[in-house]
Amino acid sequence: MIGGIYFGPPGWHLPDIPPVTMDPRRDPPPHPADRTQLCDYLAAADLGQTHPQFPSLANQTASVSGRKIKKIMISALSIIPESRIGAICAKINPAEILAGMDLITGIFSSPTTVLAYERIDQRELRPLLKLARSRCRLLPLVSRYPAAHPAILARIVAGCRSADPLEEGILTVDLLTCLLLGRSLLHGTLCSHRPVQIFMAGVSPRVVWAKIGSSVRDVFLQAGIDPGAMQCIANGLLTGREIDPATAKVDSALETLALHLRPEPETPVDCIRCGWCVQTCPVAINPAALYAAQCLHDGVAQANPRDAMACIDCGLCTYICPSRLPLAACIEDMRNRVEFNLVSVAGDSSV
Amino acid sequence: MTTSDAAVVVASPGARHRAPFLLWPVARREFYQAIMIALILPLAWGVSIFGVHALLIIVMAVAAAAAAQGALRRFTSRGKLMTFNHTITSAMLLSALAPETCPIWLAGIAGIAVALLIWLAGLPGRQRVHVGLLVAIFLSLAVGRISQGPILVQDALVVGNLRLTTPLQHYRWPRRAAVRGRDAVTVPAPDHVLAKTLRIVSDRPQGTKARSMLDIAFGTLLPPPAELFLGAMPGRIGVVGVLGIILAGLILAYRNILNPAAWGMFILFVLVGLIFAPLSAHSMHHQFWQSLGGIWYLPPERAIDLLFVEICSGDFLFASVFLLALPGTLPLSPRSRWVFLLAAGFLAALFSRIALPLPPASTAILMLQPLAPWFDSILPRRSWIKF
Ligand code: SF4
Ligand code: SF4
């Protein structure tokens with residue numbers, strides 16, 4: 001059993017999403033026919049990463065070069081528990097998604113393509129699923145956070161045991177990438193905008209097309225919300241980061257914005273060995289032992305610092321810890337240290 | 001999109017404004033609070049069975065622990081780190097495992113000892129054994145010397161005299177008048193009867209003598225299952241109320257403190273203990289292999305009776321619900337948890353047959369608990385991710 005937590009369905013009704021006109025391309029190139037042309041096309045269309053934890057199609061295409069792709073995994077799941085990005089894409093335009101999907105499956109010519117989607121989004125996804133049924137295998141999932149993380153999804157779909165599914169020949173693409181690519185192909189436009197979901201307590205969630213590079217404050221105003229002095233979190237409350245709407249800019253990986261009152265800080269106390277962090281860790285590491293070794297320098301903890309390399313930064317251990325210990329942050333520091341040591345060892349040996 | 005704040009955060013892992021920005025609603029305080037609330041059920045059950053004396057033991061132990069914690073907080077700097085919920089939970093655990101015959105003054109001393117030991121052993125999360133459990137074991141040993149096999153007199157049951165409605169002939173509980181007004185006296189308790197019977201049975205499990213011994217034990221010496229389930233039997237204050245413990249377990253499962261995913265482990269603990277329980281101390285050196293099957297030598301209906309008596313009369317259920325739910329009892333990695341529980345179940349079964357005046361499952365856990373980090377280090381959790 002892969003760990004994680006079921007947060008329940010996002011439970012909000014998708015509002016109508018006003019249409020957007022993407023910026024046109026000056027001289028639209030012909031449709032790409034191979035991987036090299038796809039790389040150039042994606043760069044020219046400004047199609048980058050659509051979520052901080054999801055690898056961009058451009059990077060994957062560049063790093064896979066001529067290697068065989070065993071499986072294409074298209075994800076209509078949302079990595080952020082409150083997000084409904086899959087349903088939003090399907091509601092915008094299934095035909096554009098299919099155009100993008102067809103191009104990707106044609107170029108990578110993999111024997112299997114799987115479309116994983118959230119059961120709860122089935123109503124919104126129905127038109128897309130109907131069209132996609134003949135092209136790929138459909139895989140409905142009840143998403144336990146962080147099941148939509150590429151490493152976890154590849155484990156569920158293909159039994160992959162690598163942090164980077166591409167190493168085992170699995171290409172992971174999200175639905176938004178398919179949508180933006182399809183739109184660019186069909187209309188010859190740049191990927192100049194992306195849908196952003198906005199959450200605020202007491203206000204029904206909004207979805208707006210935000211122009212990449214514009215101010216986050218403008219996005220809030222576009223949605224009719226004044227951020228005021230509230231805490232603004234980009235990309236989910238579990239793994240996102242705090243931003244200042246006045247100075248922050250929209251980037252291609254901005255999926256959600258949440259406004260909430262700054263919570264009362266809780267002081268971390270000693271670990272009580274409840275084991276919750278170990279039970280919930282989706283990649284089966286022992287955050288308590290790593291924390292003891294890294295932050296408390298506890299020799300008894302017997303933690304192998306290399307375990308920190310398996311952490312996918314989902315934040316669940318910190319979220320669940322009743323002692324309020326900053327486990328994920330500590331493990332991230334540990335991972336940085338291990339990576340630094342590995343790089344320096346590699347550098348020394350090459351000298 | 002990076003703000004200057006974010007840069008500060010990366011340099012300081014403990015900073016508050018780093019993800020996650022959402023926390024599970026159960027903090028350490030609520031964790032102990034939930035266990036405390038759940039413990040009220042079996043304790044209340046124990047009071048309804050054992051009467052005012054049991055209530056006074058609980059009140060004395062808890063009040064003494066609270067007063068001692070108050071004094072330690074006021075007069076020592078280390079005491080300021082003690083948490084009320086943790087100390088009270090420990091005192092309640094102590095009173096749940098206290099024998100009903102325990103003198104009230106001794107319960108008071110035990111309550112003070114709980115607070116002092118928590119203060120000495122390094123506060124919540126740092127102590128290597130549950131202090132409440134440790135003190136309860138010492139209390140059982142102390143009281144054990146005064147009186148063995150405590151049992152309630154039949155007219156002192158708050159819930160009414162269940163005995164009058166049963167067809168038991170040999171299993172007679174004394175009346176209060178016959179024991180000079182005391183609520184509890186020493187008579188053979190069901191688990192002692194069971195230990196003795198099984199010792200004889202395991203010598204020649206297929207013989208006619210064994211069969212008639214079993215008939216006598218289950219037909220006349222042991223209380224009927226319904227009474228065991230209701231708790232009208234000798235035992236420790238918080239351990240006798242089987243129904244109360246089950247309800248408490250449901251409350252803890254609802255609060256996610258008794259993780260439903262770990263139920264398999266609780267069942268393992270109880271099962272291992274029960275299957276090996278019929279091993280007698282005698283057969284351990286004489287007919288170990290013959291009696292290893294233990295329960296399987298019994299006719300099916302007797303085996304079911306035996307399971308029922310074992311579940312209701314020992315502290316297996318109490319330990320499975322409360323001790324395993326208490327943080328710090330088990331190792332952290334799943335594999336080491338399985339091994340730990342196998343060992344605990346086996347040890348508990350052994351203790352229940354040696355018939356010490358101690359709660360067998362709790363004693364087994366107390367002995368293994370300091371070894372939990374060691375279990376983790378020999379069977380560490382390894383990630384499935386290759387890197
Ligand atoms: S942040 Fe890392 S260590 Fe913590 S639960 Fe997620 S994967 Fe496990
Ligand atoms: S969740 Fe927190 S308190 Fe519980 S074992 Fe992990 S680090 Fe310790």
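Met200(A) has Val203(A) as its bridge partner in strand 6 of chain A. Strands here are DSSP runs of E with at least two residues, and helices are DSSP runs of H or I with at least four, numbered from the N terminus. Strand 5 (residues 193-200) of chain A runs antiparallel to strand 6 of chain A, and seven bridges join them; two strands pair if DSSP finds at least two bridges between them.

The model is predicted, with local features needing pLDDT of at least 70 and side-chain atom pairs pLDDT 80 or more, while totals for chains, interfaces and linings use all residues. Residues are numbered from 1 along each chain as its sequence is written, chains are lettered from A and ligands numbered from 1 in written order, and side-chain values use heavy atoms, without hydrogens and water.

In chain A, five strands make up an open sheet of mixed pairing, in the order 6-5-9-7-8.

From one strand to the next, the twist averages 30°; angles run from 0 to 180 degrees between N-to-C directions, with axes fitted to C-alpha atoms, for helices over the stretch in contact. Helix 3 (residues 85-92) of chain A packs on the sheet, touching strand 5 and strand 6 of chain A. Contact means heavy atoms within 4.5 Å. The direction of helix 3 of chain A makes about 130° with that of strand 5 of chain A.
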